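Take a walk through this fold with the model in view.

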Amino acid sequence: MRIEKGCPDDINELECLYNDLNDYLETHINFPGWKKGVYPVKETALEGIEEGSLFVIKNGKQIAGSLILRHEPEPAYSSADWKTDLEYEDIFVVYTFAVHPLYLKQGVGKALMDFVIQHSKDMNMKAIRLDVYEKNTPAICLYKKYGFQYIDAVDLGYSEYGLDKFELYQKLL
């Protein structure tokens with residue numbers, strides 16, 4: 001498997017990945033609380049590719065997963081005490097960390113996380129931040145395994161979807 005920047009040719013497959021994952025989540029435990037047609041959607045991928053922040057992991061020619069790395073936090077991040085005084089130009093924020101259902105429990109999430117950390121170091125970032133729905137225990141376990149520290153729980157404004165609190169995590173580099 002290889003990880004590369006997403007390109008316009010990946011848009012349709014990313015939309016399928018998001019739809020397949022959301023279909024899977026509808027019939028299994030929906031740990032992230034994602035909802036088909038709401039998040040993630042094709043526009044999520046389009047925006048990430050246009051800004052050059054979306055990365056894909058491919059098994060041959062098939063996209064097994066993707067994520068977005070930005071320097072912009074969610075607005076609610078400002079209410080947390082990150083215990084460090086860093087500018088967001090020195091921080092990557094992880095968004096839309098997604099693994100296709102066909103590749104669950106096959107090390108794709110770990111490979112993406114290894115990439116996030118190494119790429120962040122290569123780009124001289126000082127920290128990686130992310131938020132995760134408080135009941136998304138598989139993702140929380142992965143992040144803690146990689147040394148992310150819990151910072152706070154905040155409301156990101158998704159309570160209409162039953163998602164009241166999101167935990168904030170940070171890994172200093």
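This is a predicted model: local features need pLDDT of at least 70, side-chain atom pairs count only at pLDDT 80 or more; totals for chains, interfaces and linings use all residues.

Two strands count as paired if DSSP finds at least two bridges between them. β7 spans residues 166-172. Strand β5, residues 127-133, pairs with β7 in the antiparallel sense, over 7 bridges. In that pairing, L130 stands opposite Y169 of β7. Strand β6, residues 149-154, also pairs with β7. Here too the sense is antiparallel, and the bridges number 5. D152 has L168 in β7 as its bridge partner.

Is β7 mostly covered or mostly open? Mostly covered: 6 of its 7 residues are buried. In soluble globular proteins, nonpolar side chains tend to be buried together. That leads to the interior.

The largest nonpolar core has 30 residues. Which of them touch the most other members? They are L14, Y18, A45, L54, W82, A98 and L168. Helices and strands both contribute: α1, α2, β2, β3, β4, β5, β6 and β7 each give two or more residues to this core. The most comes from α1, with 6 residues.

What remains in contact with W82 is Y77, Y88, R129, I151, L168, Y169 and Q170. Another core lies apart from the largest one. This other core has 27 residues, including L67, L69, I117 and I140.

Now the charges. Side chains of opposite charge can pair when their charged atoms come close. The structure holds 7 salt bridges. R70 takes part in one with E47, where the closest N and O atoms are 3.1 Å apart. R70 sits in strand β3, residues 62-70, and E47 in helix α2. The pair links distant parts of the chain, 23 residues apart. R70 also forms a salt bridge with E51, with the closest N and O atoms 2.3 Å apart. E51 lies in the loop between α2 and β2, residues 54-59, so this pair ties β3 to a part of the chain 19 residues away in sequence.

Is R70 buried or exposed? R70 counts as buried because its relative accessibility is 13%, and the cut-off for buried is under 20%.

D90 and K126 make another salt bridge, with 3.7 Å between the closest N and O atoms. This pair too links distant parts of the chain, 36 residues apart. D90 lies in the loop between β3 and β4, and K126 in the loop between α3 and β5. D90 counts as buried because its relative accessibility is 18%. K126 is partly exposed, at 42% relative accessible area. Elsewhere, salt bridges link R2, E4, D10 and K58 in a network.

Finish at the surface. V38, Y158 and Y161 form a nonpolar patch there. Together they have about 240 Å² of accessible area. Where does V38 lie? V38 is in the loop between α1, residues 11-27, and α2, residues 42-50. V38 counts as partly exposed because its relative accessibility is 31%.

Methods: Residues are numbered from 1 along each chain as its sequence is written. Side-chain values use heavy atoms; hydrogens and water are left out. Patches are made of residues with over 30% relative accessible area and no salt bridge: like charges are joined within 9 Å, nonpolar side chains (Val, Leu, Ile, Met, Phe, Trp, Tyr) within 5 Å. Accessible areas come from the Shrake-Rupley method with a 1.4 Å probe; for residues, only the protein chains shown count as cover. A salt bridge is a side-chain nitrogen of Lys or Arg within 4 Å of a carboxyl oxygen of Asp or Glu. Helices (H or I, at least four residues) and strands (E, at least two) are DSSP runs, numbered from the N terminus. Buried means under 20% relative accessible area, exposed over 50%, partly exposed in between (1.4 Å probe, protein chains only). A nonpolar core is a set of buried Ala, Val, Leu, Ile, Met, Phe, Trp, Tyr and Cys residues joined through side-chain atoms within 4.5 Å. Contact means heavy atoms within 4.5 Å. Lists of a residue's contacts leave out its neighbours within four places in sequence.
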